Number of protein chains: 2
Amino acid sequence: MISKNKIKYIHSLELKKKRKEENAFVAEGPKLIDELIGHFECLYIASTAEWAEENRELTETYPIDIVTEEELRKISFLDTPQKVLAVFRQHEHSFTPAIIEKNLCIAIDGVQNPGNLGTIIRLADWFGIEHIFCSKSSADIYNPKTVQATMGGMARVCIHYCDLPELIRSLPSDTPVYGTFLDGDNIYSEQLEQRGLIVMGNEGRGVSAEVAELVTNRLYIPNYPAGRQTSESLNVAIATAIICAEFRRRG
Amino acid sequence: MISKNKIKYIHSLELKKKRKEENAFVAEGPKLIDELIGHFECLYIASTAEWAEENRELTETYPIDIVTEEELRKISFLDTPQKVLAVFRQHEHSFTPAIIEKNLCIAIDGVQNPGNLGTIIRLADWFGIEHIFCSKSSADIYNPKTVQATMGGMARVCIHYCDLPELIRSLPSDTPVYGTFLDGDNIYSEQLEQRGLIVMGNEGRGVSAEVAELVTNRLYIPNYPAGRQTSESLNVAIATAIICAEFRRRG
């Protein structure tokens, strides 16, 4: 059984403003919740009797409502609800620019699509990139669609929202700042260090003018064969993946 | 003005069954329609007066309704409608297995998410892969979400639905069939030919058992650093991108 107030509360967490007020977010599905539960404070669980039965240690630790499939459908943000939904506490990670001097990090400059952001977090996790710096104009990491697309990657990747130009200006001048541009240099013939920032821009407009000026290494993913007429660009998550794979191939 | 019947007709094209009956599909937005119009027969356009004004040559050639923003919102499959929606005729491409002997092609073995399929078509276009072979269990290329995600790539990439095991068995035995598996060999140390099939599997289950048996080269995209705990896998479109980029880097 789940109360009307609880249903209202969960629905309200679809909105960024409300998520911020409540300092909370929703995640769904056994696998994702299993990944997040050690990393984020769990505030509430709604699950089917079946999941609760298989996860006794969790149901004894956290506030839980056992719900029917129909009730789960009512509260879920998914087309196909997956046995369990949980509410977690948001948390902010602290950082110092020294992280970027020593490690390869990603900067997100206005990526709007929540699914794209979540997919980037998932692949960052795969490639051992532990810090992502997002401009405030970027999608919210706690959007339900982002959370689901991370597939648990957000348990291991720290996301920081900040003023990107200010962050980049605070770095020592020898810290590389990579960005992709249609007139950049072929990534396969460029020197790549396993540290610094890889800047990824907005889906339509690319990297903002202010950040573009601060990029030290302009890269380009060549299409094939060179000169053939093709799509104008790659999806931002796809481009991020190809770039990260190329950095790590040489790592 | 747009008639109620027309609205009903457009809405009905969200369903695969109806799209098949009508042999038609919907695409939206000036850029996408501009890319498709030379490659697919245009059956109908609904556009704002503004778009119609800028595209006189099209409005004189194809049946068109001028619609208000509100009418467009009513017929659109997008959260943010984009000035114009068009209905195109589906078309089937013919092919011979000889294409695969000579060119690098992709096989889609049960990819379910329409956005993933569309994103794969877009990146195939970028990497000059002109033929994609989909199992019948895969998402429909004419799903509105797939069409939008191709960003026009479907104008240049031919999609064939077929029996994949049968197709692979019909290839000469020296045609390479690549697939990714968690226990495959590091893609960066494998020999890769610029021909044959790259098989990509279902989002959850991967490559089907029947197709897996026919794969001649089992590949793996290494995570970084090796042995670190990470996400279990990469999104299927992301993995496709990294694989295609690696093939073409050496091309």
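Author: A residue counts as buried if 20 or more other C-beta atoms lie within 10 Å of its own, and as exposed if 12 or fewer do. The model is predicted.

Reader: Is B:Ser47 buried or exposed?

Author: B:Ser47 belongs to strand β2 of chain B, which covers residues 42-47. Around B:Ser47 there are 24 other C-beta atoms within 10 Å. The cut-off for burial is 20 or more, so B:Ser47 is buried.

Reader: Which residues is B:Ser47 in contact with, leaving aside its neighbours within four places in sequence?

Author: A contact requires C-beta atoms within 7 Å. B:Lys136, 89 residues from B:Ser47 along the chain, has its C-alpha atom 34 Å from that of B:Ser47. With the neighbours within four places in sequence left aside, the contacts of B:Ser47 are B:Ala52, B:Ile64, B:Ile66, B:Val67, B:Lys83 and B:Val84.

Reader: In chain A, are helices α8 and α12 roughly parallel or roughly antiparallel to each other?

Author: Two packed helices are described by the angle between their axes and the distance between the axes. For α8 (residues 114-126) and α12 (residues 236-249) of chain A, the axes are 9 Å apart and the angle is about 15 degrees. Angles under 35 degrees count as roughly parallel, and therefore α8(A) and α12(A) are roughly parallel.

Reader: How do the residues of the contact of α8(A) with α12(A) divide by class?

Author: The crossing of α8(A) past α12(A) is right-handed. From α8(A) come A:Asn116, A:Thr119, A:Ile120 and A:Leu123, which meet A:Val236, A:Ala237, A:Thr240, A:Ala241 and A:Cys244 of α12(A). By class, the contact has 6 nonpolar, 3 polar and no charged residues.

Reader: Which elements of chain A each supply at least two residues of the side of domain 1 that touches domain 2?

Author: Chain A has domain 1 at 4-89 and domain 2 at 98-249, and their C-alpha centres are 30 Å apart. Domain 1 of chain A gives 13 residues to the contact and domain 2 of chain A gives 9. The side of domain 1 that touches domain 2 holds 6 nonpolar, 1 polar and 6 charged residues. Its elements with at least two residues each are α2 (16-22), β1 (24-28) and α3 (30-36) of chain A.

Reader: Which element gives the most to the side of chain B that touches chain A?

Author: Chain B and chain A each put 28 residues into their contact. The side of chain B comprises 14 nonpolar, 9 polar and 5 charged residues. With 7 residues, the element that gives the most is α12(B).

Key. Residues are numbered from 1 along each chain as its sequence is written. Chains are lettered from A and ligands numbered from 1 in the order in which they are written. This is a predicted model: local features need pLDDT of at least 70, side-chain atom pairs count only at pLDDT 80 or more; totals for chains, interfaces and linings use all residues. Helices (H or I, at least four residues) and strands (E, at least two) are DSSP runs, numbered from the N terminus. Two residues are in contact if their C-beta atoms, placed from the backbone, lie within 7 Å. Axes are lines fitted to C-alpha atoms, for helices over the stretch in contact, and angles run from 0 to 180 degrees between N-to-C directions. Angles under 35 degrees count as roughly parallel, over 145 as roughly antiparallel, 65 to 115 as roughly perpendicular and the rest as oblique. A crossing is left-handed if the near helix is turned anticlockwise from the far one by less than a right angle, and right-handed if clockwise. Ala, Val, Leu, Ile, Met, Phe, Trp, Tyr, Cys and Pro count as nonpolar, Asp, Glu, Lys and Arg as charged, and the others, Gly among them, as polar. Domain bounds come from an automatic or database domain assignment.
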